[in-house]
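Let's walk through this fold by way of its side-chain contacts. Have the sequence and the 3D view open side by side as you read.

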Amino acid sequence: MRPSFFHHLHPPTIPAVQSRWRHTLGAGGTAILLMLILGVTGILEMFYYVPNPQEAALSVQTITYHVPFGGFVRNLHYWSAQLLLIVSAIHLLRVVFTASYGRPRRFNYLLGLGVFVLAILLDFTGYILRWDEGICYPLVTGTNLLKTIPLIGDFLFRIAVGGGEACNTALLRFYTWHIFGLTIFVLILGVWHAFRVRRDGGIAVPPPQLRTDNERISRNELVRREVLQIFVVSIVLILMSIFLPAPIAAAMTGKPIVTEEARAPWFFLWVQQMLKWGDPFLFGVLIPFAVLTLTALIPYILPEPADADIGSWFPKSNRLAQIIIIAIALIVIVLTLMMVLT
Ligand code: HEM
């Protein structure tokens, strides 16, 4: 087969162990695919979305119910965004559970984490763009948390919201952050992250002298496996987008109401649960920031995994990292369930 552009993105051959699905779970590649779908569907939505408080929610309804295939495109955008967060979290877990973050991949671990944080912010800003009656409580709560940060809080609030009350004025800011500011950063960090995977020697495996399996596969075979994965993920996404409509609620009317019963988007429910316990700075800013910092420091403060363990699932030499990440995941899941069930 004559090499195409996609073939040139890969080295001519790679060790077979690096390409096994049971090793990578295909999660990083799936995250890239979802980001590409988000880019295309987002651009299509921009043809009809109106970033003005009086018309935004109506324009979302127009996209959903009147534009040919508009509902389908919006569902694709919505489900790709939700799946991206889940797939990125699975990818993070696999990187830690297979001890794949040690030198020289420490910096790329940080780049990946940066992309993940940006993806969460993109999901949040996108959720606000619906501008329906449900978004006011999370918008006010989220942006007020910024104000609690000592010294720079007011400055950050002004960057996020502009002036005035968030539920009246923040739409244009959030629109610009969503389609331009955050997107530019996610593109830069995302491309850098993918480039560093190759630059760091491909997917982490033990050095050749410690490997039991030294078989190599060609890039034709690698591209064939990637195309198969793209096919499977696309079918799942298409089926979800046909049968599960993205949420839509009535437009905000008159003075927006902030109700305590309103819910944050699902990925921030764990923070909303903690906010019930008191001090917004402690529970809404400090603790989430500490969780992020602890995750970021794993490759830097814990002992390096043993060479022979790199790429094997749940090896002994990085037990502590596994325990930390499992504890964080469990706490987030339990807090989320507490919020859902109360
Ligand atoms: C959210 C978007 C992300 C995208 C699009 C992405 C993309 C990728 C891809 C395509 C790979 C190579 C294939 C694979 O391992 O599946 C990879 C590897 C890697 N990623 Fe990510 N990633 C993301 C998030 C993260 C996060 C959150 C972390 C960790 C905090 C991370 C850390 C790494 C590391 C260390 C590698 C190299 C792993 C190895 O060599 O085995 N990435 N990423």
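Start with the sulfurs: a disulfide here is a pair of cysteine sulfur atoms within 2.5 Å. What you're looking at is a predicted model, where local features need pLDDT of at least 70, side-chain atom pairs count only at pLDDT 80 or more, and totals for chains, interfaces and linings use all residues. Residues are numbered from 1 along each chain as its sequence is written, and side-chain values use heavy atoms, with hydrogens and water left out.

How many disulfides does a search of the whole structure find? It turns up 1. The bond runs from C136 to C167, with the sulfurs 2.0 Å apart, and its 120° about the S-S bond makes it right-handed. C136 belongs to helix α8 (residues 136-147) and C167 to helix α10 (residues 166-169), so the bond ties together parts that are 31 residues apart in sequence. (Helices are DSSP runs of H or I, at least four residues, and strands are runs of E, at least two, numbered from the N terminus.) Are these cysteines buried or exposed? C136 is buried at 1% relative accessible area, and C167 is buried too, at 6%. Buried means under 20%, exposed over 50%, and partly exposed in between, using a 1.4 Å probe and protein chains only.

Now for the rings. Rings of Phe, Tyr and Trp (its six-membered ring) pair if their centres lie within 6.5 Å; planes under 30 degrees apart are stacked, over 60 edge-to-face, and the rest tilted. The structure holds 12 such aromatic pairs. One of them is F97 with F314, a tilted pair at 4.8 Å centre to centre and 35° between the planes. This pair links distant parts of the chain, 217 residues apart: F97 is in helix α6 (residues 70-97), while F314 is in the loop between α14 (280-301) and α15 (319-341). F97 is buried at 10%, whereas F314 is partly exposed at 40%.

Next, look at F124 and F268: their ring centres are 5.6 Å apart and their planes at 65°, so the pair is edge-to-face. Here helix α7 (residues 106-129) supplies F124, and the loop between α12 (219-243) and α13 (269-275) supplies F268, 144 residues apart. F124 is buried at 11%; F268 is partly exposed at 24%. Ring pairs also link both of them with Y127, F174, W266 and F267 into a cluster.
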